[in-house]
Amino acid sequence: MLPQLALLAAIVVGVSFAGLVRRRDPGQRGYVFVVAAVLMLNLAALVQADRFLSVVAISLVVLVVVLPWVLDVLVRICFSRDRLALAVRLAGWRVMLMPGAGLSRQQGILHGLAVLERGGVDDALSYFRGRVHEAEDETELRVLHEQIVSMLLYGQRWTEGIAHYEARFPPGYAAQRPPLALGLLRAYGEAGKLERAAGLLRSIEERLGHDPRAAGVVSQARLTFLAYAGVTQTVDAALTEERRRRLGLSAASGALFRGIALSRAGCPDEAQSELARVEGLAKARDGRVVMASRQAIDELPGETTELPDELSQYAGKVAERLEGFLTATPTLRRMGPLRVTPMLLAALVLGHLALLALDGGGPGLLRMGGASAQLVGAGSWGRIVTGLLTQTDPIGLLLAAYGIWLGAPLVERLYGAGRLLVVSLGAGAAGLAVAALTAPDPIAVLDGTSVLATGVVMAALWVVLLPRTNLPGRTRRVLALPLVLVLVGIGISVPRELGLLLNPAGLVVAAAIGIAAIGLAPPRGRRAGGLRGLAVVLAIGALGSVGMVAVEDARAQVRQPQREVKLDGLVLTVPSQLAPQPEEGADDERPWPRMRGLYDALAQRAGDRVQVLVAPAPAEDAPSALLRLDPDLSHEYDEADVPAPAEWTEVYERAAGEDAADALRTTIMRRNGQDVAVVIERTMGTGPDAPVLVLYAAPPQALGHAPVLYADVLAHARPATAP
């Protein structure tokens with residue numbers, strides 16, 4: 001698992017480094033060097049396959065990249081819920097974990113916001129004004145004065161805020177700071193200074209109007225100006241349910257803008273009625289909107305706002321531009337909550353948790369719907385769907401989940417939930433079917449989660465590359481790199497020593513279907529409708545597949561067909577899941593050894609080790625078979641003779657006879673005081689040189705995952721010379 005975790009860490013830090021280099025923020029130059037050093041350490045650990053370096057590199061990625069990102073998300077959540085003091089504390093931890101990122105100045109600003117939460121606007125103003133007297137750097141002074149203006153606007157002290165801004169900043173400065181610009185526009189509107197509001201709006205449009213990423217901010221600025229100008233028709237048209245969401249406004253904010261527009265248009269009764277609706281529409285995050293609506297009700301103007309001819313003409317042009325934006329917004333964009341994306345992520349996580357809770361080893365993996373060439377070839381076609389959600393390797397699960405988290409929202413937002421179902425379930429099922437039909441190992445469980453993620457990631461990458469999606473160039477570059485890295489990670493991170501099989505043919509088919517679903521069918525139109533129908537069929541088929549797999553006895557199918565193999569003078573009748581293990585040595589990932597003999601590939605897929613070995617006949621008071629085969633193990637393991645597990649003994653006696661269990665020797669092997677493995681020995685004969693057949697299961701509970709299979713192997717073994 002460690003090499004796969006190191007690879008995942010390298011992907012994460014590589015994406016972070018690329019983003020930092022692309023932003024070229026001079027204030028974060030020191031942090032860029034820190035991340036670059038961590039990236040180089042990760043690459044060195046991967047190349048040298050050094051465990052110590054890998055552990056150090058992974059730990060540094062968690063501390064320097066992952067935790068700061070998590071803390072940043074938590075800080076944003078705290079701000080959205082007005083938990084400013086907690087946000088400041090979390091941001092302080094983030095500063096400590098990002099050396100050289102230039103966040104100390106930001107921490108001072110956040111502390112001022114915490115003062116605002118505790119003591120109100122006046123205390124926050126005193127804090128920032130005190131910082132102004134202490135500051136010497138011009139950039140810091142500018143930021144502090146911005147905060148003073150913001151505090152005044154936050155307290156709805158419009159005239160003071162305007163005066164402080166105009167005394168310290170040039171007229172168009174606010175256009176560089178969208179939040180400040182929107183607040184200042186509202187201040188100009190409340191103060192009745194629409195000419196200055198128009199000048200600020202012109203600056204915003206000139207600076208940000210050609211940037212697609214700022215389209216929402218520019219449109220909100222236009223809507224704010226039009227509301228205070230009393231252009232009710234355009235404001236109403238812009239605040240329909242779909243358009244309001246497109247502008248990023250809550251229902252309460254929409255009612256506030258309507259009320260303001262009606263009050264400026266000389267309709268006080270209608271304005272009061274609309275403003276009164278704000279409290280009923282408000283959510284937890286709309287506290288400031290409610291306060292603004294109350295103030296607007298108290299200060300309803302009694303007269304219509306009269307615009308000079310030039311300003312009236314400008315307002316008409318602004319209304320046309322706002323309407324043009326709302327009409328021409330790409331029809332591919334589908335606002336609203338994601339549906340299929342969280343369902344896919346939840347299904348992956350729940351499937352893995354169910355496997356852990358079942359704790360059934362390899363057979364448990366099959367009961368949960370794992371797909372193998374043998375089962376699919378026997379007619380269990382439902383497994384090409386259920387197999388997409390079975391993953392015992394946590395790093396493979398993380399890679400698949402990361403790929404879906406990156407790519408699925410892009411596909412669903414732009415092309416809809418139906419298209420995402422096609423590129424996930426459709427591409428994944430087709431890829432898994434091809435992988436099963438062409439698999440070189442019939443028993444190995446196929447890695448369906450990687451096939452599923454490949455279809456989604458490839459579709460998202462194709463969305464990024466297609467010119468018709470109309471994404472900004474910077475957005476394309478930001479999205480393309482992590483998607484490519486995830487594809488590379490999926491291709492080279494397969495832990496084949498765990499018996500996992502990732503067939504390249506399946507990945508190619510899944511990738512091709514993901515590309516075709518995006519590239520051959522437009523977002524809308526007749527062919528898109530056909531894909532939606534296919535998505536419905538896939539959803540119904542997925543439910544049917546779960547039902548089919550639920551009633552199957554996969555363990556019985558896997559035990560057949562049986563074959564005879566010779567192992568050191570003994571003939572064993574074994575199923576196909578028991579394969580030769582020619583290599584000896586310590587297991588890299590588990591505290592138990594590998595021995596030459598047969599091993600259970602299906603159990604290996606679930607992280608267990610079950611082996612069938614042949615050991616020499618023991619002398620009197622000899623240690624257990626594993627220590628006889630490798631005496632060096634005695635330095636690491638202790639052992640004790642114990643009775644065979646009752647459940648396994650019952651099955652063995654039914655197969656070999658009631659007295660057969662008396663001829664067995666059962667030993668528990670311990671390492672550092674923990675039970676590591678159980679060893680069951682059956683002496684094959686009566687002479688002093690009679691070989692000993694050994695069943696070795698680690699951890700001990702692995703013996704109970706398939707007791708019938710293991711009991712049959714031991715019970716029906718015979719010497720090669722026997723008839």
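Me: Why does Ile515 count as partly exposed?

Reply: Ile515 has a relative accessibility of 23%, so it counts as partly exposed. The classes are buried under 20% relative accessible area, exposed over 50%, and partly exposed in between, with a 1.4 Å probe and protein chains only. This is a predicted model in which local features need pLDDT of at least 70 and side-chain atom pairs count only at pLDDT 80 or more, while totals for chains, interfaces and linings use all residues. Residues are numbered from 1 along each chain as its sequence is written, and side-chain values use heavy atoms, with hydrogens and water left out.

Me: Where is Ile515 found, and which residues does Ile515 touch, not counting those up to four places away in sequence?

Reply: Ile515 is found in helix H27. Helices (H or I, at least four residues) and strands (E, at least two) are DSSP runs, numbered from the N terminus. Leaving aside residues up to four places away in sequence, Ile515 touches Met458, Trp462 and Leu520, where contact means heavy atoms within 4.5 Å. Val456 is 59 residues from Ile515 in sequence, yet the two C-alpha atoms are 9.2 Å apart in space.

Me: How do the axes of H25 and H27 cross?

Reply: Two packed helices are described by the angle between their axes and the distance between the axes. Here the axes of H25 (residues 448-465) and H27 (residues 504-519) come within 8 Å and cross at roughly 35°. Axes are lines fitted to C-alpha atoms, for helices over the stretch in contact, and angles run from 0 to 180 degrees between N-to-C directions. The crossing of H25 and H27 is right-handed, meaning that the near helix is turned clockwise from the far one by less than a right angle.

Me: Which residues make the contact, and how do they divide by class?

Reply: H25 contributes Ser450, Val451, Thr454, Gly455, Met458, Ala459, Trp462 and Val463. From H27 come Gly506, Leu507, Ala510, Ala511, Gly514, Ile515, Ile518 and Gly519. By class, the contact has 10 nonpolar residues, six polar and no charged ones. Ala, Val, Leu, Ile, Met, Phe, Trp, Tyr, Cys and Pro count as nonpolar, Asp, Glu, Lys and Arg as charged, and the others, Gly among them, as polar.

Me: In what order do the seven strands of the open sheet stand?

Reply: The order is E3-E6-E7-E11-E10-E9-E8, with antiparallel pairing. Two strands pair if DSSP finds at least two bridges between them. E3 (578-581) and E8 (638-641) stand at the edges with a single partner strand each, so one side of each has no neighbour in the sheet. Neighbouring strands of this sheet are turned by 25° against each other on average, direction ignored.

Me: How many bridges pair E7 with E11, and which residues stand opposite each other?

Reply: E7 (residues 609-615) and E11 (residues 692-698) pair over seven bridges. Val614 stands opposite Leu693, and Gln611 stands opposite Tyr696.

Me: Which way do the residues of E11 point, and are they buried or exposed?

Reply: In a regular strand the side chains alternate between the two faces of the sheet. In E11, Val692, Val694, Tyr696 and Ala698 point one way, Leu693, Leu695 and Ala697 point the other way, and all are buried. E7 is likewise covered on both faces: Arg609, Gln611, Leu613 and Ala615 on one side and Val610, Val612 and Val614 on the other are all buried.

Me: Which helix lies across E7 and E11?

Reply: Helix H33 (residues 707-715) does, lying also across E3, E6 (597-600) and E10 (674-683), and it runs at about 165° to E11.

Me: What is the order of the three-stranded open sheet?

Reply: The order is E1-E2-E12, again with antiparallel pairing. E1 (562-567) and E12 (718-719) are the edge strands, each with a single partner, so one side of each is left without a neighbour in the sheet. Six bridges pair E1 with E2 (residues 570-575), and Val565 has Leu572 as its bridge partner in E2.

Me: How many helices and strands does the protein chain have, and what share of its residues counts as buried?

Reply: The chain has 33 helices and 12 strands. Of its 723 residues, 51% count as buried. Among contacts between residues at least 6 apart in sequence, 65% join residues at least 24 apart.
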